Structures are given as structure tokens and as C-alpha cells.
Amino acid sequence: MEYEKLSKVFYKKGKEYYENEIEKRKSSYGSYLTNLTIRSFRKGQIINESYQLFYVNTHQLMSLNNKVLINSSKISSLISRLPKFVVEPYFHKLIVNEAQSNNEIEGIRSTKKELKEVLGDVMKSEKKQKRFKGLMKTYLFIDQIKPFTEISDFRKLFDDLVSDEIDREDAPDGELFRKGYVEINDGSNTTHIGVSSEVKIIESLNALVNFLDDEEHSELYRYMVAHYYYEYIHPFYDGNGRTGRLLVCSYLSRYLERYSSITFSYAVNKNKSKYYKALEEIPTPLNKGEVTFYLMDMLELLLSGQEGIIEDLEINLSKIERIKESFKSEIWHERMEESDLLRIMTYLSVFVNEEINFSVIRLMELSNKSRYKVNHIMSKLEDDGYVNLVSQRPKEYKVSDEFLENILIS
């Protein structure tokens with residue numbers, strides 16, 4: 001029998017069947033009740049009914065859970081095949097994509113160029129105050145964020161991540177969180193109203209901390225339910241979406257690996273309607289607090305992000321095999337130093353960006369050669385058309401389009 005949403009059951013089968021179905025779902029062997037309680041919401045108003053969030057571990061949900069784990073293992077295996085000097089630049093490319101998606105979901109304009117510059121400053125420990133510095137720093141060290149054990153951890157994530165981006169009138173006005181009213185509006189309707197006071201916010205966040213530590217629930221289910229509940233609480237006037245997605249990403253990065261976690265916002269941004277619909281359906285009265293279908297939707301989004309990375313890695317690893325074969329050609333036998341440096345540049349151009357520029361200093365770091373040696377090698381490669389000089393001060397090169405095309409297409 002098809003497992004259907006309770007709202008469908010109500011309209012298709014009638015009230016009596018619907019009420020029996022609720023009882024069956026909450027008391028069956030595959031049911032999991034949480035300690036998290038929400039108020040019902042309908043037509044822009046909170047209704048005086050409360051429900052415990054629960055889910056049923058259906059075959060479909062278990063299958064999605066297993067697919068995520070299998071994909072995570074596959075991603076780790078593919079990453080292990082990358083040249084070591086490619087691993088971090090590739091991750092940095094994913095960070096920029098993820099950060100831009102996170103901003104786009106919230107209607108915040110940012111460019112990849114801007115985000116790359118900020119990421120570069122963070123990696124150099126520059127003390128310049130720039131937009132998105134907290135965001136890029138959080139993504140860069142996503143797998144080092146510790147589990148949330150105190151409610152102050154939620155405020156710390158807010159301070160580190162978005163406090164510099166929030167308008168002054170939207171800053172927290174309570175001891176740690178907001179103390180006033182907040183709602184989400186889609187332009188015509190109120191779609192959510194946050195928990196009503198700082199006292200209740202703190203009470204709800206304490207319940208969330210306990211739930212995150214409850215090993216009765218499978219990890220992926222736990223983290224995704226926690227994401228919803230954080231958004232339900234809405235502890236801040238602004239920045240809840242970004243901090244909420246980073247919250248779940250930090251847990252995913254420790255349980256899976258950082259590549260799967262870092263694509264969550266990217267996947268959400270590609271299917272925002274699915275994401276918001278999944279969040280908004282949970283507190284509807286007929287749903288009675290069930291999060292089974294929400295979990296399916298979130299795991300499907302996570303899977304789509306993973307599949308994008310797997311496809312990207314597989315294609316680029318195939319390109320690397322072509323590059324390796326190309327550098328076995330006799331013309332490189334007498335030019336080993338040039339071959340080594342050009343191969344490194346070519347790998348990075350494939351995995352990070354075909355338009356990537358390499359400064360002389362960067363090439364010195366990558367090759368462990370002196371400035372004189374790098375300049376000498378690059379001069380030869382430029383003369384032969386393998387690289388183009390794109391900047392004189394500072395001196396920067398890029399792999400020529402003709403050379404890349406010749407390797408990858410011919």
C-alpha cells in the first residue's frame with residue numbers, strides 16, 4: 001500500500017479512517033516520536049493545537065538514507081584519487097558555489113569573484129573587514145564546528161556567520177536572541193510565525209540540543225529534523241535561513257564528509273520551491289506533526305547535491321587520465337621541469353576553473369622551485385604557446401585555451 005500524506009488520507013478516506021491512521025503511524029514499530037513540540041499553523045495564523053514531531057521509518061525513507069551513505073562513500077573514494085595539490089582548491093570551488101547559493105536563497109547579491117577574494121583573505125588570515133568573511137570562514141572550517149551542547153552555541157554561530165551582514169534594526173535585542181515578534185512572508189501571505197518570546201526560544205533550543213544528542217534517532221533523520229525545528233523556532237530577526245543551513249551542514253560534515261555537506265544549500269537553491277513547501281507543510285493541522293515526507297524531501301535534495309559532485313568528479317578524473325596520457329608524449333621527455341609545472345597548472349584548470357590564473361608566487365609554492373626557475377620555465381612555455389601571460393604586475397599566467405582543448409578533445 002502506498003504511504004500517503006495524512007492530508008491526502010483525510011480527504012480520500014474520511015475522518016474516521018484518518019484518525020485511525022494517525023494512531024497507527026504514531027504507535028507502529030517503525031514510528032519515532034521526538035521530544036520536539038510545535039504549534040499548528042493555518043492561513044497565516046497560529047492555531048491553539050500542539051503536536052510532537054514524529055516520523056515513520058518507511059522503506060522509501062530507509063532507501064534514501066542508504067543511498068546517501070553509499071554516495072558519501074563513493075565521494076570519499078573519488079576524492080582519494082585526486083592529486084593531493086588539487087584537493088583543497090577543489091573544495092574551495094565548492095565553498096564558493098555553496099556560499100553564493102546560500103546568499104541567493106536569502107535574496108542577497110554576491111558574485112563568485114567577490115567570494116573568492118574573501119576566501120583568499122580568510123586563508124591568509126587577513127584582518128580586513130569584508131562582507132561574507134564569517135560565511136566563508138564557517139564553510140572553510142565546516143568539519144571543525146563542534147556539536148551544539150549549549151544554547152549559546154547558536155548565538156556564536158550567528159555572530160561568526162552573519163552578524164556583520166545584519167541591519168542594525170534586525171540585531172538580537174534579547175540576552176542572546178530576539179525578544180520580539182517575527183514572521184516570514186512570501187509577498188502576499190504569512191507563511192510562518194516564530195516562537196513568541198526569548199524565554200520560549202531558549203526553552204525550545206534546549207529541547208533541540210537534547211534531540212541532537214538523542215541516539216535513538218538515525219543521524220541523518222536527526223540532523224534534518226533539527227534543521228526544521230531551528231527554522232520553526234526562528235531565534236533571530238534575520239539570518240535564520242543561513243545559520244540553519246550551516247547548522248545542518250556542520251553535522252553532515254562530521255557524519256558523512258565535508259563534500260556532501262557543502263552542497264546542501266546548492267541543492268536547495270536549485271529547488272527552492274520543494275524546500276520551502278516541505279518546511280511549510282509540517283505545521284498544517286491535518287499533518288499532526290509528521291515529518292516523514294519532509295525527511296524524504298531533504299534527503300532527496302542532499303542526494304541531488306551528492307550526485308552533482310560525483311558526476312563532476314568522474315568527468316574530471318576522466319579528463320585527468322587524458323592529461324596523463326598527453327604528458328607521456330616524447331616531446332616532454334626532454335622537458336621534465338616544464339612538463340611537471342604545466343601538468344599541475346592543467347590539473348587545477350580542469351578541477352577548479354579553466355580561467356584560473358597562476359601568479360609566479362603560487363607557481364613557486366606548487367612546484368617548490370625558485371622564482372628564477374619558475375620565470376625561466378614559464379618563459380619557455382609561453383614561447384611555445386602552452387600558457388598565456390595575462391598580467392605583468394603581478395606576473396600571472398593561465399593555461400592556453402588551445403592547449404587545453406587539444407588535450408581534452410583531440
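**Notes on the model**

Mentor: Lys-24 and Glu-21 sit 3 residues apart in helix H2 (residues 15–27), so about one helical turn separates them. Helices (H or I, at least four residues) and strands (E, at least two) are DSSP runs numbered from the N terminus.

Trainee: How far apart are the closest N and O atoms of Lys-24 and Glu-21?
Mentor: They are 3.7 Å apart, and the two residues form a salt bridge. That term stands for a side-chain nitrogen of Lys or Arg within 4 Å of a carboxyl oxygen of Asp or Glu. The whole structure has 25 salt bridges.

Trainee: What should I know about the source?
Mentor: This is a predicted model, where local features need pLDDT of at least 70, side-chain atom pairs count only at pLDDT 80 or more, and totals for chains, interfaces and linings use all residues. Residues are numbered from 1 along each chain as its sequence is written, and side-chain values use heavy atoms, with hydrogens and water left out.

Trainee: Which domains does the assignment give?
Mentor: Domain 1 (31–313) and domain 2 (328–409); such bounds come from an automatic or database domain assignment. Their centres, taken over C-alpha atoms, are 40 Å apart.

Trainee: How many residues of each domain are in contact?
Mentor: 9 residues of domain 1 are in contact with 8 residues of domain 2, contact being heavy atoms within 4.5 Å. Between them the domains bury about 730 Å², with 78% of that on carbon and sulfur atoms. Buried area is the accessible area (1.4 Å probe) that two parts lose on being put together, summed over both.

Trainee: Which residues of domain 1 lose the most area to domain 2?
Mentor: Phe-85, Val-86 and Pro-89, together 55% of what that side buries.

Trainee: How many salt bridges are there between domain 1 and domain 2?
Mentor: The count is 0.

Trainee: New topic: how many aromatic pairs does the whole structure have?
Mentor: The search finds 23. Rings of Phe, Tyr and Trp (its six-membered ring) pair if their centres lie within 6.5 Å; planes under 30 degrees apart count as stacked, over 60 as edge-to-face and the rest as tilted. Phe-158 and Phe-236 form a stacked pair, 4.1 Å centre to centre with 15° between the planes.

Trainee: Where do Phe-158 and Phe-236 lie?
Mentor: Phe-158 is in helix H7 (residues 152–161) and Phe-236 in the loop between helix H9 (219–233) and helix H10 (240–255), so the pair ties together parts 78 residues apart in sequence. His-234 lies in the loop between H9 and H10, and His-234 has a positive phi of about 55° although it is not a glycine.
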